[in-house]
Amino acid sequence: GDAADAAPAATTGDAAAAGGEAEEDVADEDWEALSTLSDFKLVRQEADVALALARYKRTASTRITAEWMQPFVARASFNLGYMHQFGFGVTPDRALARRYYNRCAEVDPGGIHMPVAVMLVLVSVQSYFTALPSTSSVAGIALADIRVHVLAVHVVTFGVLLMLRRIFSAARRRPRPPSAEAASPTSASAAAAQRSASAAP
């Protein structure tokens, strides 16, 4: 009984070993055939944005019936949000992009949410800056307002006063040149002696 059981086991093991060797031989032959090819060409494949958008929409709208589906639906929702945020194949729509990003976070609660949070912040920043008025309209409004002119006059006057204050402070700190009498005390005393001699009879 044991010998009969051992014989099929040995046969199965030999067959498995032979099968493994055959697979290795095929792999070696494929590699040799591949290495003999001298003209490899890399063909650039253009992205089909419309097809990608359709597939992402179909995947994102899939009803999740198992846990393994969550990452795929979340990834499709994230890609749709990215496409709508930056306008790849669609008209840019930041509100729809935010909706897809939120769906990505809701669909896969256990997934990595840092990219979703970063993109939501970026959507908010983009929305804020696009809502700001243009520079030309701000300049036109500022030039039409009399308060801006009054403020400009005050700023210029304040700048002129600061400049004059600096000039006068520098002039006050500059040392004065000594006078002629202080510079030559001998000549001053000689002049005084001469006056007193001329006054004597």
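Patches here are made of residues with over 30% relative accessible area and no salt bridge, where like charges are joined within 9 Å and nonpolar side chains (Val, Leu, Ile, Met, Phe, Trp, Tyr) within 5 Å. This is a predicted model, in which local features need pLDDT of at least 70, side-chain atom pairs count only at pLDDT 80 or more, and totals for chains, interfaces and linings use all residues. Residues are numbered from 1 along each chain as its sequence is written, and side-chain values use heavy atoms, with hydrogens and water left out.

**The nonpolar patch**
- V156, V160, L161, M163, L164, I167 and F168 make up a nonpolar surface patch, with about 680 Å² of accessible area together (Shrake-Rupley method, 1.4 Å probe, only the protein chains shown counting as cover).
- F168 sits in helix 7, residues 146-173 (helices are DSSP runs of H or I, at least four residues, numbered from the N terminus).
- F168 counts as exposed because its relative accessibility is 57% (exposed is over 50%, buried under 20%, partly exposed in between; 1.4 Å probe, protein chains only).

**The salt bridge**
- The count comes to one salt bridge (a side-chain nitrogen of Lys or Arg within 4 Å of a carboxyl oxygen of Asp or Glu).
- It joins R147 and D145, at 3.0 Å from N to O.
- R147 is exposed at 62% relative accessibility, while D145 is partly exposed at 22%.

**Helix 3**
- Among the buried residues of helix 3 are V73, F78, L80 and M83.
- Cover for the buried residues of helix 3 includes helix 2 (49-60), helix 4 (94-107) and helix 5 (114-131).

Definitions and conventions. Helix = DSSP H or I, 4+ residues; strand = E, 2+ residues; numbered from the N terminus. Contact = heavy atoms within 4.5 Å.
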